[in-house]
Amino acid sequence: MGDVHTRSFRAKHQAVYSSAADCERYDQQLCRRQDFQANLLGRLHVELGLTRETRVLDLGAGSGKLSRLLAPHVGPIVALDRSRVMCRVGQDSLERDGHPAVGFVAADQRSIPLRDGCVDLVVAGWSVSAIKAELEEWDRSTGLADESVWREEVDRCILEMERVLADGGHIYIFESQGTASAEPRRRGSHLYEHLRTRGFEESCIRTDYRFDRKDEVRMNY
């Protein structure tokens, strides 16, 4: 392959994860503004019947967006993120919010440090696409991508999810179908196509953001 490069994922990741202050800002100014109508929680309640016995693993947890949503309705949650800084911010944030049953662990979602069959629900919010974004390589001269590496690593992640899942458990992978659009815009995504080949079913849930002022929408993450 010729002149190879990856997309700007690393730069965007660095902008969010570079310091505790940046992680806090990301949590307060973006994560807490998403899904103000609580559609995600409503869908999970309907489809799963969440109880205080439900053991949860939150992969690529970041500052705890999904963990915060689920914590009042389920049992213990392990929130996993590979950034130790983000884990510290998330742990402090969830404890301030009154959710001490959420425990953050710094680890990669492709190598989960948990025993087999120990959780009832795995949620991965906007983190599987990060594997693709980080590992997808593009040839500048042809405009074509080498997809073999990211597909292999996404499969590693899925195998780890399946390993830690108890019998009868469920895996939910949340990804974006496009921002600032009322209709899905990424039906042709190679990642979503790959997930369908792995047996996942696809449905759409609106998770609209709500901001207090127009200038808050201009944040660049």
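Residues are numbered from 1 along each chain as its sequence is written, and side-chain values use heavy atoms, with hydrogens and water left out. Because the model is predicted, local features need pLDDT of at least 70 and side-chain atom pairs count only at pLDDT 80 or more, while totals for chains, interfaces and linings use all residues.

**Overall make-up**

The chain holds 8 helices and 8 strands. Both are DSSP runs numbered from the N terminus: helices are H or I with at least four residues, strands are E with at least two. Of the 221 residues, 42% are buried. Buried means under 20% relative accessible area, exposed means over 50%, and partly exposed lies in between (1.4 Å probe, protein chains only). Contact means heavy atoms within 4.5 Å. Among contacts between residues at least 6 apart in sequence, 71% join residues at least 24 apart.

An open sheet is built from 5 strands in the order 4-3-2-5-8, with parallel pairing. Two strands pair if DSSP finds at least two bridges between them. Strand 4 (102-106) and strand 8 (165-174) are the edges, each pairing on one side only. On average, neighbouring strands of this sheet are turned by 20° against each other, direction ignored. Strands of a sheet pair through backbone hydrogen bonds, either parallel or antiparallel.

Strand 2 (residues 56-59) runs parallel to strand 5 (residues 119-125), and 4 bridges join them. Val56 has Leu121 as its bridge partner in strand 5. Leu59 stands opposite Ala124 in strand 5.

Which way do the side chains of strand 2 point? Val56 and Asp58 point one way, Leu57 and Leu59 the other, and all are buried. In a regular strand the side chains alternate between the two faces of the sheet.

Strand 5 also runs parallel to strand 8, through 6 bridges. Val119 stands opposite Leu165 in strand 8.

**Helix packing**

Axes are lines fitted to C-alpha atoms, for helices over the stretch in contact, and angles run from 0 to 180 degrees between N-to-C directions.

| Helix pair | Angle | Axis separation |
|---|---|---|
| Helix 6 (residues 128-135) and helix 7 (residues 148-164) | about 155° | 8 Å |
| Helix 7 and helix 8 (residues 190-197) | about 50° | 11 Å |

Angles under 35 degrees count as roughly parallel, over 145 as roughly antiparallel, 65 to 115 as roughly perpendicular and the rest as oblique. Helix 6 and helix 7 are therefore roughly antiparallel. Helix 6 passes helix 7 in a right-handed crossing. A crossing is right-handed if the near helix is turned clockwise from the far one by less than a right angle, and left-handed if anticlockwise. Helix 6 contributes Val128, Ile131, Lys132 and Leu135 to the contact, and helix 7 contributes Val149, Trp150, Glu153, Val154, Cys157 and Met161. By class, the contact of helix 6 with helix 7 has 8 nonpolar, no polar and 2 charged residues. Ala, Val, Leu, Ile, Met, Phe, Trp, Tyr, Cys and Pro count as nonpolar, Asp, Glu, Lys and Arg as charged, and the others, Gly among them, as polar.

Helix 7 and helix 8 are oblique to each other. Helix 7 passes helix 8 in a right-handed crossing. Trp150, Arg151, Val154, Asp155 and Ile158 of helix 7 meet His190, Leu191, His194 and Leu195 of helix 8. The residues of this contact of helix 7 with helix 8 divide into 5 nonpolar, 2 polar and 2 charged.

**Positive phi in the loops**

Ala38 has a positive phi near 60°, though it is not a glycine. Ala38 lies in the loop between helix 2 (20-29) and helix 3 (39-48). Its relative accessibility is 32%, so Ala38 counts as partly exposed.

Trp126 also has a positive phi, of about 60°, and is not a glycine. Trp126 sits in the loop between strand 5 and helix 6. With a relative accessible area of 25%, Trp126 is partly exposed.
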